[in-house]
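Visitor: Can you take me through this one? I'd like the ligand site and then the sheet.

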Amino acid sequence: MDKILEVKNLKLYYHTSKGVVKALDDVTFDLYKGETLGLVGESGCGKTTTGTALLRMPTAPGRYDGGQILIDGRDIIPLPEKEVRKNVRWEEVAMVFQGAMNCLTPVYTIGKQMLETLQEHRDMEKEQAEELIREYLGLVGLPGEVMKRYPHELSGGMKQRVVIATALFLKPKFVILDEPTTALDVIVQAQIINLLKKLKKTFDLSFIFITHDLALEAEVADRICVMYAGKIAELGTNAQIFGKQGPMHPYTEKLLAATPRLHRKVESLSFIPGTPPDLIDPPKGCRFNPRCHKVMDRCYVEEPPLKEVEPGHMVACWRLEK
Amino acid sequence: MSENKNPEVLLKVENLKKHFTPHMGLAASLGKARKVIKAVDGITFDIKKGEIFALIGESGSGKTTTGKLVMKLIEPTSGTMVFDGEDVTSIAKKQLEAYRRKVQMIFQDPYASMNPRFKIRDVLEEPLSIHRIEGDRARHDEMIVKALEEVKITPPEEFMTRFPHMLSGGQRQRVATARTLILNPKMLVADEPVSMIDLSTRAEILHMMKDVQRDLGLTYLYITHDLSTARYFADRIAVMYLGRIVEMGPADMIIDKPLHPYTKALIDAVPEPESGKVDVIKELPISGEIPSPANIPAGCRFHTRCPYATDECKTLPEPELEDIGGGHMHACRRWKEI
Ligand SMILES: Nc1ncnc2c1ncn2[C@@H]1O[C@H](COP(=O)(O)OP(=O)(O)OP(=O)(O)O)[C@@H](O)[C@H]1O
Ligand SMILES: Nc1ncnc2c1ncn2[C@@H]1O[C@H](COP(=O)(O)OP(=O)(O)O)[C@@H](O)[C@H]1O
Ligand code: SF4
Ligand code: SF4
Ligand SMILES: [Mg+2]
Ligand SMILES: [Mg+2]
């Protein structure tokens with residue numbers, strides 16, 4: 001399989017007046033053509049920051065403090081903004097932002113909003129552009145007449161489809177989806193997940209699917225990257241994380257135990273006491289040590305590196321050191 | 001007032017309806033005829049004392065409207081509501097205040113419902129002032145400390161001087177719950193209290209809410225579209241579709257032996273954390289979207305999306321809820337065949 005994205009030792013820090021928030025600290029992973037990579041973790045673990053970093057659009061006061069983002073071998077971090085706007089952002093990488101479907105402009109029709117996006121990037125006659133818009137609406141399962149409608153006339157599921165169509169427009173190499181179904185009910189969520197699977201298959205597309213819900217990752221992601229406190233805790237295939245053996249990092253174990261299962265009656269849901277740490281001054285050693293049920297002396301002193309424990313399965317935990 | 005013959009029942013709702021008539025202006029501006037929106041269209045249920053009763057259904061099925069009716073934030077179009085033996089369908093303003101003290105609401109976004117400039121102490125004192133609860137500052141502090149202890153915010157004194165933004169999502173939801181408990185309610189209405197919160201925090205909050213419910217013998221109306229938490233959290237579940245209850249019963253029966261095709265569809269759509277599903281396009285038993293409550297299909301209102309619908313389903317009158325034993329009720333004429 002072709003690697004289309006390599007993220008190497010990426011550091012993205014927010015330089016705030018209170019101190020430096022190490023939102024991404026030495027993050028390394030790849031994305032292959034035609035795969036969906038799941039990014040999962042509690043809120044504040046750095047999922048959205050990863051997305052905006054890959055789009056070369058970190059939010060202020062965020063700054064790249066090290067590492068590389070290679071798209072087809074080219075590092076996009078040092079590129080001038082002009083080049084990024086012309087050839088990278090939306091062209092190679094697109095992102096569906098958290099809550100994007102609620103940010104459609106209420107006073108313009110869907111058609112007008114999509115047309116604007118398209119004409120910003122492509123020299124195109126209006127008729128030709130409208131033809132293309134109709135085609136993309138069709139791809140996401142919407143009738144062409146949706147062009148004439150206003151956002152408030154569409155349901156949540158329809159708005160999310162519009163936002164996905166807009167992200168696909170310029171044929172990017174991969175699309176980042178940040179919590180695309182969190183605000184939707186179960187049936188609409190299942191419909192959107194099916195849509196993404198069809199798009200992936202038909203066009204050999206790659207997705208980075210961000211959510212806090214491990215059960216959803218089990219449905220969509222070929223590989224799962226579990227983030228904790230700005231670092232990767234575990235990265236493995238769907239079968240490695242959700243199969244018989246189960247996950248290996250204590251954080252993933254806890255996260256999975258906190259995921260309710262409809263067909264399994266339990267007396268009480270388990271949860272992870274405490275909250276993710278302050279990233280200005282994270283705990284010494286392993287960042288998960290204050291909440292870990294398997295903590296040892298060494299965990300307070302040294303930070304565990306991300307190591308391959310079996311082919312394609314990476315874990316950052318001292319417990320797995322032989 | 002002795003409508004309530006069963007002393008166990010706290011809230012009795014009978015054939016309750018809420019129909020909205022849109023403003024002419026709005027309808028005209030959308031180029032549409034003025035049509036009545038039947039958001040809640042005849043629902044009947046009891047909630048027992050100390051019970052957790054969940055209302056589930058898709059977006060637009062009428063859950064929030066039902067919650068607002070129970071809170072008496074809106075007036076029903078018809079039907080009756082009896083609370084603790086008293087008919088509360090239409091009560092005077094003075095009694096309404098007393099009612100709102102007994103029935104409290106937990107909001108979906110606890111942050112939005114708290115004044116960011118208020119310290120936690122003031123956030124909790126607000127309902128005491130609104131409801132003009134007697135007592136000096138020391139007496140109020142006592143009540144605030146007690147409410148915070150009930151939701152395990154400890155030590156309460158330390159948290160009382162903090163501002164909402166200095167709390168985690170889970171702590172904020174605890175404070176929001178403490179704020180509803182301070183008035184000693186009998187019942188809490190929680191509309192999607194955890195839907196925007198990540199899973200671990202969600203589990204923590206539901207845990208806390210259940211502890212509080214047991215400790216204080218509270219009754220909950222829990223509104224959600226999340227079946228997994230409803231199963232864990234609730235004693236009984238009612239499934240709503242387009243303003244009606246289509247199935248109702250003990251939580252385990254609803255999830256393990258659903259009778260209505262709509263309930264089955266909801267259950268099938270829930271993702272489970274198991275491998276081997278990535279390359280499978282899930283067969284969804286129902287397609288399309290929920291129809292508009294301004295245009296409810298004739299006959300069984302689910303027939304336009306039901307995979308088992310026959311001509312009879314379209315032409316015969318709508319099936320009513322039928323009890324098949326053990327309190328398990330459904331409203332599908334073909335339940336035996338499917
Ligand atoms: N004040 C109102 N005027 C007109 N229509 C309304 C009003 N309030 C609710 N509705 C309509 O009634 C239907 C039921 O709405 P309700 O908010 O009760 O649904 P819900 O089940 O809570 O959905 P969700 O899961 O999205 O919260 C919807 O179609 C809604 O648009
Ligand atoms: N613009 C910003 N300025 C300062 N800190 C930020 C900013 N955006 C995010 N953060 C912090 O960076 C960390 C990661 O945030 P985010 O990427 O949004 O996490 P997630 O998407 O996993 O919830 C958090 O501690 C958050 O508070
Ligand atoms: S390194 Fe130690 S503290 Fe960190 S996850 Fe492993 S056992 Fe827990
Ligand atoms: S009555 Fe008919 S249309 Fe309605 S749920 Fe049953 S089978 Fe489906
Ligand atoms: Mg985020
Ligand atoms: Mg609602």
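What follows is a short exchange on the ligand site and the sheet.

Guide: This is a predicted model, where local features need pLDDT of at least 70, side-chain atom pairs count only at pLDDT 80 or more, and totals for chains, interfaces and linings use all residues. Residues are numbered from 1 along each chain as its sequence is written, chains are lettered from A and ligands numbered from 1 in the order written, and side-chain values use heavy atoms, without hydrogens and water.

Visitor: Which residues come nearest to ligand 1?

Guide: S59(B), G60(B), K63(B), T64(B) and T65(B), out of 13 around ligand 1; "around" means a heavy atom within 4 Å.

Visitor: What is 2.5 Å from an oxygen atom of ligand 1?

Guide: A polar side-chain atom of T65(B). An N or O atom in the side chain of K63(B) is 2.8 Å from a ligand 1 oxygen, and a backbone N or O atom of G62(B) lies 3.0 Å from one.

Visitor: How much of ligand 1 does the protein bury?

Guide: 63% of the 650 Å² that ligand 1 exposes taken alone (Shrake-Rupley, 1.4 Å probe).

Visitor: Which element supplies the largest share of the shell?

Guide: Helix 2 of chain B, with three residues. Helices are DSSP runs (H or I, at least four residues), as are strands (E, at least two), numbered from the N terminus.

Visitor: Now the sheet. In what order do the strands run?

Guide: The order is 2-1-4-5 in chain B, open and antiparallel; strands pair if DSSP finds at least two bridges between them. Nine bridges join strand 1 to strand 2 of chain B, and K17(B) stands opposite D41(B) in strand 2.

How values were computed:
Polar contact = N/O pair within 3.5 Å; in protein donor to acceptor, adjacent residues only side chain to side chain.
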